[in-house]
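Biologist: Could we go through this structure together, one topic at a time? I would like plain answers.

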Amino acid sequence: MSTAQRQVPAGTHRVLILGAGYAGMAAATQLAARTRRADVQVTVVNAQERFTERLRLHMTATGQRLAELDITELLAGTGAQFVRGWVTAVDAHAKTVRVDDSRVLRYDTLVYALGSVTDTATVPGVEERAYTLDGPNGATTLADRLARLGAGTVVVVGSGLTGVEAAAEIAERHPEVGVTLVGQQDPGASMNPKARAYLRGALTRLGVQVISGTAVTRVRPDAVELAGAETVAADVVLWTGGTRAAPLAAAAGLTVDERGRVVTDSALRSVSHPEVYAIGDAAAIRQGYGVLHGTCQSGMPTGVHAAVSIARALRGRQPRPFRFGYYHTPVSLGRNDAVVQFTRPDDSPRRGCLTGRMAVWYKETVSASPWPTYRRMSRLPSSGAFWPRGGRFTRLRNAR
Ligand SMILES: Cc1cc2nc3c(=O)[nH]c(=O)nc-3n(C[C@H](O)[C@H](O)[C@H](O)COP(=O)(O)OP(=O)(O)OC[C@H]3O[C@@H](n4cnc5c(N)ncnc54)[C@H](O)[C@@H]3O)c2cc1C
């Protein structure tokens, strides 16, 4: 059962966390644990009560059942309230949030963690005809379609790691289907030669045809058109080409970047509205090597850092700058194969990688780790405050 925001005594500081994905849950469990005795009310708003394991949506899209992870059950006893609903507007001036166009929630501090969605607006036909891996409903609809497809054709557009994982999963689960992966970059382009070759070999073994170095310019009912007028037949198109943030932050007047992400200072506060923290995929967070790209790997630390910063600010102390360095890129290649590229803090590949069974075990361990981590953090918040800080890679010259 979702609970509406309770009346709070005067003087209570209201922290509203929008989004209970990887970053929002990290913020919620940390903050609730760190402010248990303080005069603070923590409220989490999310579209579903069930936690969406976005990392595993390619599994949902191929008909595999995921664990039932109940957000209300995890938050029970932590002191954080849960409100189920769809956030429709943020009024950054009045410090209110509208939920389902019917309820209004007030905040003193806002944590903006609404994630990202696939950018379906840039190419004609995508919005109307392509499937995406943005949430459980879309992924389940795709699973139903694939189950009825028979010996049809699927084109996965976007040769980044989401596209690779999805193409491999579909090919493994539906060997009768012809799967083509189309994208501008070579699959595994960010990996070292050994890992990239392994990834390509696995796609070949699974029967995935790869077309790289080209862009899809239109999605038609029966095909995709490539730059240069070539077409590839497609009964089903899955679009994984790029993400953007929800338009809510821009509509609220927060400073956003070209992808709608909230631009933050070094402490993860909005540069235009310092009472708003932005974390995860919804935030444009600059490190010495550039702006973080959306991953769970970086998203969870941003949630923890925001919570620690809010707790510090409530005690009258200054928040510290956020620093993060990447350390790995684990990629599933169906259920029985995987490759893990170890990285430098700036996400460039190191020499080391794992392949095969060891990589499958590693990937599964990483994918399964967030939920136990939230449980542990809600009892022992300091246990979540460890991640690679990235050393010299993350230092900013003019850190705010
Ligand atoms: C198939 C796939 C595989 C991936 N694999 C990896 C991987 O191996 N490693 C990795 O690090 N990253 C991976 N990613 C990326 C990773 O999933 C994201 O970076 C991560 O989910 C970002 O976390 P987040 O908390 O910012 O957003 P999310 O996890 O997307 O959470 C956002 C939450 O906000 C809710 N929400 C959104 N809008 C509203 C609204 N208006 N009202 C109410 N609730 C709302 C959503 O329902 C969701 O619960 C993968 C992504 C996909 C799609």
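**Salt bridges, helices and sheets**

Modeller: Let us begin with a pair of side chains: Arg375 and Glu73 meet in a salt bridge, at 3.3 Å from N to O. A salt bridge here is a side-chain nitrogen of Lys or Arg within 4 Å of a carboxyl oxygen of Asp or Glu. This is a predicted model, in which local features need pLDDT of at least 70 and side-chain atom pairs count only at pLDDT 80 or more, while totals for chains, interfaces and linings use all residues. Residues are numbered from 1 along each chain as its sequence is written, and side-chain values use heavy atoms, with hydrogens and water left out.

Biologist: Which parts does the pair Arg375 and Glu73 tie together?

Modeller: Arg375 lies in helix H11 (residues 370–379) and Glu73 in helix H3 (residues 71–75), so the pair links parts that are 302 residues apart in sequence. Helices (H or I, at least four residues) and strands (E, at least two) are DSSP runs, numbered from the N terminus.

Biologist: What is the partner of Arg269?

Modeller: Arg269 forms a salt bridge with Asp265, with the closest N and O atoms 3.0 Å apart. Asp265 counts as buried, at 11% relative accessibility.

Biologist: New topic: helix H1. What span should H1 have?

Modeller: The expected span of a helix is 1.5 Å times one less than its number of residues. For the 13 residues of H1 (residues 22–34) that gives 18 Å, and the end C-alpha atoms are 18 Å apart, which agrees.

Biologist: How many residues of H1 are buried?

Modeller: Twelve of the 13 are buried, so H1 is largely enclosed by the rest of the structure. Among the buried residues are Tyr22, Met25, Gln30 and Leu31.

Biologist: What do they pack against?

Modeller: The buried residues of H1 pack against strand S1 (13–18), strand S2 (40–46), H3, strand S7 (109–112), helix H9 (296–314) and H11. Contact means heavy atoms within 4.5 Å.

Biologist: On to sheets. In what order do S12, S13 and S14 stand?

Modeller: These three strands form an open sheet in the order S12-S13-S14, with antiparallel pairing. Two strands pair if DSSP finds at least two bridges between them. Strand S12 (216–219) and strand S14 (231–233) stand at the edges with a single partner strand each, so one side of each is left without a neighbour in the sheet. On average, neighbouring strands of this sheet are turned by 25° against each other, direction ignored. Axes are lines fitted to C-alpha atoms, for helices over the stretch in contact, and angles run from 0 to 180 degrees between N-to-C directions.

Biologist: How many bridges join S13 to S14?

Modeller: Three bridges join strand S13 (residues 223–226) to S14. Within this pairing, Ala223 has Ala233 in S14 as its bridge partner.

Biologist: And what of S22, S23 and S24?

Modeller: They form an open sheet in the order S22-S23-S24, and the pairing is antiparallel. Its edge strands are strand S22 (328–332) and strand S24 (349–355), each pairing on one side only. Five bridges connect S22 with strand S23 (residues 338–343), and the bridge partner of His328 in S23 is Phe342. Helix H7 (residues 193–205) packs on the sheet, touching S22, S23 and S24, and its direction makes about 160° with that of S23.

Key: Buried < 20%, exposed > 50% of the residue type's maximum accessible area, 1.4 Å probe, protein only.
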